[in-house]
Amino acid sequence: MHGHVVPGAQARYPDRQLQVPLDEGTQLARCLRCDAWVHTPTPPADAPTSELPRPLRGKALDELVVIRAIALERGLHVLFFLAMGVLLVLVEVGLPALQRDAQVILQGLDQTRSGHQFLARWLNDLVNLDGGHVWVLALIAFGYAALEAVEAVFLWRGKRWAEYLTVVATAAFLPLEIYEIAEKASLLKVGALLVNLVILAYLIWAKRLFGVRGGLAALDRELAADVDWEDIHAHAPTVG
Ligand SMILES: [Zn+2]
């Protein structure tokens, strides 16, 4: 998403296959991320060369894309919990007036009619709602929003500790999610549970958390074996 990584645009690397001169002032320079050739001005001969960059590519890049998808999903949770928290605060602030109105409606309601019984029960719940309870719920909603925001931001940045945090926080909620489904199943709840299970499995298996499949050391070896930087810097890919 950040575009090409083209060291050959800034300086000349004659012993590497990073540049192909075209004419007096222009060249093609190779992107070290995707191997595309980019049309650039030829850098001056005396431009200082620097250590060649090693942008994410191959498996490491694929994994970051998946992790960022998970970060976006966490971002949706943040929006949900923020909306929930704001809604609860609004209810809390307006609660005394709401309860007075509910009382009035309740008194005028003909509770013998079947359709009104449901409404009466709902109004009764509202009248008996404990204000302190609502504050606690609002605080919990904001707490979840903050937790998931931390997960989203640092997953996006590729931090390994955020992967651990996501696994621990997600796993901690599984019992609650399963309890919720046992109470009253809905497609949305089952879907959310499945998404969380897939995310858990992916993080633990692919990112080798908790030492699974050899842990971080094995992951580093796998990624290093996937990309041979010496070869990539020295040779442009040939069309096979
Ligand atoms: Zn590129």
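Helices here are DSSP runs of H or I with at least four residues, strands are runs of E with at least two, and both are numbered from the N terminus.

I noted that this is a predicted model, in which local features need pLDDT of at least 70 and side-chain atom pairs count only at pLDDT 80 or more, while totals for chains, interfaces and linings use all residues. Residues are numbered from 1 along each chain as its sequence is written.

I then looked up the geometry: the axes of α3 (residues 131-156) and α4 (residues 160-183) come within 9 Å and cross at roughly 145°, where axes are lines fitted to C-alpha atoms over the stretch in contact, and angles run from 0 to 180 degrees between N-to-C directions.

For contacts (C-beta atoms, placed from the backbone, within 7 Å), I listed L147, V150, E151, F154 and L155 in α3, which meet A162, E163, L165, T166 and A169 in α4.

I turned next to the sheet, which is open and has three antiparallel strands in the order β1-β2-β3, strands being paired if DSSP finds at least two bridges between them. β1 (19-21) and β3 (37-41) stand at the edges with a single partner strand each, so one side of each is left without a neighbour in the sheet. I saw that five bridges join β2 (residues 26-30) to β3, and that Q27 stands opposite T40 in β3.

Technical notes: Two residues are in contact if their C-beta atoms, placed from the backbone, lie within 7 Å.
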